[in-house]
Amino acid sequence: MSKQILVLPGDGIGPEIMAEAVKVLQLANDKYSLDIELSFDELGGAAYDKYGVPLADATLERARAADAILLGAVGGPKWDTIEPALRPERGLLKIRSQLGLFANLRPAILYPQLADASSLKPEVVAGLDILIVRELTGGIYFGQPRESKVLENGERMAYDTLPYSESEIRRIAQVGFDMARVRNKKLCSVDKANVLASSQLWRAVVEEVAKDYPDVAVSHMYVDNAAMQLVRAPKQFDVMVTDNMFGDILSDEASMLTGSIGMLPSASLDANNKGMYEPCHGSAPDIAGQGIANPLATILSVSMLLRYSFNLSQAADAIETAVSKVLDQGLRTGDIHSAGMTRVGTAAMGDAVVEALRSL
Ligand code: NAD
């Protein structure tokens, strides 16, 4: 039976970068006889405009039925003033939680060709290869109660809740250890156990899980220190496992080590490796419609999709090699451009990856 992929381009630069990723996926499908079928739907602001909600029930059902999902990005100023429950980002949080996509894998790899694009010195980042494993369906982004209100004295106040259960921590820790096992066998768990009760439980459960992985060296770090260490000496890390909010922030920070957030793919997996794949960046409204966005994070998300959901490592490797070849050719979108390189737009970058893949 053919493998069904649901494509959700989203908003802003989403449709632009997705068009390039789809070109690459279709060529990989033909070249390696992958037996993949694509279907398309809307998520986020585009879904709100079409269906009146950021994630329609029918779209959620199609996502459930699909073998994997490829997502662009959602959000934008056009929808910033609508009712909070209908905002584009709510659709994204809902699809993640409804599909149980609790494990977010965010690799931060520095392509040697982009050492100049990093804001850090080349010797600090050369050879960087970190995997951030972020818990995606729990913690403060989902915790109840949450409320904004006006107190009796007229002052406005708001609060959120940061809950984690033992089982939520255990399953994400296991993903982190499993990943560390097939890499350099080093896992750093990031928390704020000096202050937060949820982090104290997090640390205790990670210690328990560690007993099942005696071959993996585990360490613990407070999130404030981790933020500093990531820019001081990022190569000390192999796999980092952390909660939803800390992972959100640290993975954006890590992205800049690699030159641009436009280079970073991600995978969000459920307990059976069904996944949704998307670039780490957002919908970049500031550059949407200009044809200048970097499509490589989305193209590399296709590679992660083939690898993690379908175990198609030959095609996944080939896409990564094609991206590397295009960088060797000196082609750069604006976000990764440096002196002496050839500046290209979104479609030209996608076409170059297609040509490089075809010639492999
Ligand atoms: P952003 O990631 O969209 O943009 C941050 C900066 O990076 C901008 O200057 C942008 O131009 C640049 N950038 C991002 N992707 C790029 C690419 N592929 N090529 C070149 N430059 C790129 O973050 P933001 O500005 O904080 O958020 C914009 C919107 O995206 C908001 O509505 C936000 O809620 C949403 N958002 C969505 C997701 C998602 O869909 N997963 C993630 C983060 C933010």
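Visitor: How do the axes of H6 and H7 sit?
Guide: In this predicted model, the axes of helix H6 (residues 166–181) and helix H7 (residues 197–210) come within 9 Å and cross at roughly 50°. That makes H6 oblique to H7.

Visitor: Is the crossing of H6 and H7 left-handed or right-handed?
Guide: Right-handed.

Visitor: Which residues of H6 and H7 make the contact?
Guide: From H6, Glu 166, Ile 169, Arg 170, Ile 172, Ala 173, Gln 174 and Phe 177. From H7, Leu 201, Trp 202, Val 205, Val 206, Glu 208, Val 209 and Ala 210. By class, the contact has ten nonpolar residues, one polar and three charged.

Visitor: OK, what about H10 and H11? At what angle do they pack?
Guide: About 160°, with the axes 7 Å apart. H10 covers residues 296–308 and H11 covers 313–328. The pair is therefore roughly antiparallel. H10 passes H11 in a left-handed crossing.

Visitor: Which residues meet there?
Guide: On the H10 side they include Leu 296, Ile 299 and Arg 307. On the H11 side, Asp 317, Glu 320 and Leu 327 are among them. The residues of this contact divide into ten nonpolar, two polar and three charged.

Visitor: New topic. Where is Ser 260?
Guide: In the loop between helix H9 (244–257) and strand S11 (265–269).

Visitor: What is Ser 260 in contact with?
Guide: Leaving aside neighbours within four places in sequence, Ser 255, Asp 335 and Ile 336. Also, a polar atom of the Ser 260 side chain lies 2.8 Å from the backbone nitrogen of Gly 262.

How values were computed. Residues are numbered from 1 along each chain as its sequence is written. This is a predicted model: local features need pLDDT of at least 70, side-chain atom pairs count only at pLDDT 80 or more; totals for chains, interfaces and linings use all residues. Side-chain values use heavy atoms; hydrogens and water are left out. Axes are lines fitted to C-alpha atoms, for helices over the stretch in contact, and angles run from 0 to 180 degrees between N-to-C directions. Helices (H or I, at least four residues) and strands (E, at least two) are DSSP runs, numbered from the N terminus. Angles under 35 degrees count as roughly parallel, over 145 as roughly antiparallel, 65 to 115 as roughly perpendicular and the rest as oblique. A crossing is left-handed if the near helix is turned anticlockwise from the far one by less than a right angle, and right-handed if clockwise. Contact means heavy atoms within 4.5 Å. Ala, Val, Leu, Ile, Met, Phe, Trp, Tyr, Cys and Pro count as nonpolar, Asp, Glu, Lys and Arg as charged, and the others, Gly among them, as polar. A polar contact is a pair of N or O atoms within 3.5 Å; within protein, one must be able to donate a hydrogen and the other to accept it, and residues adjacent in sequence count only if both atoms are side-chain atoms.
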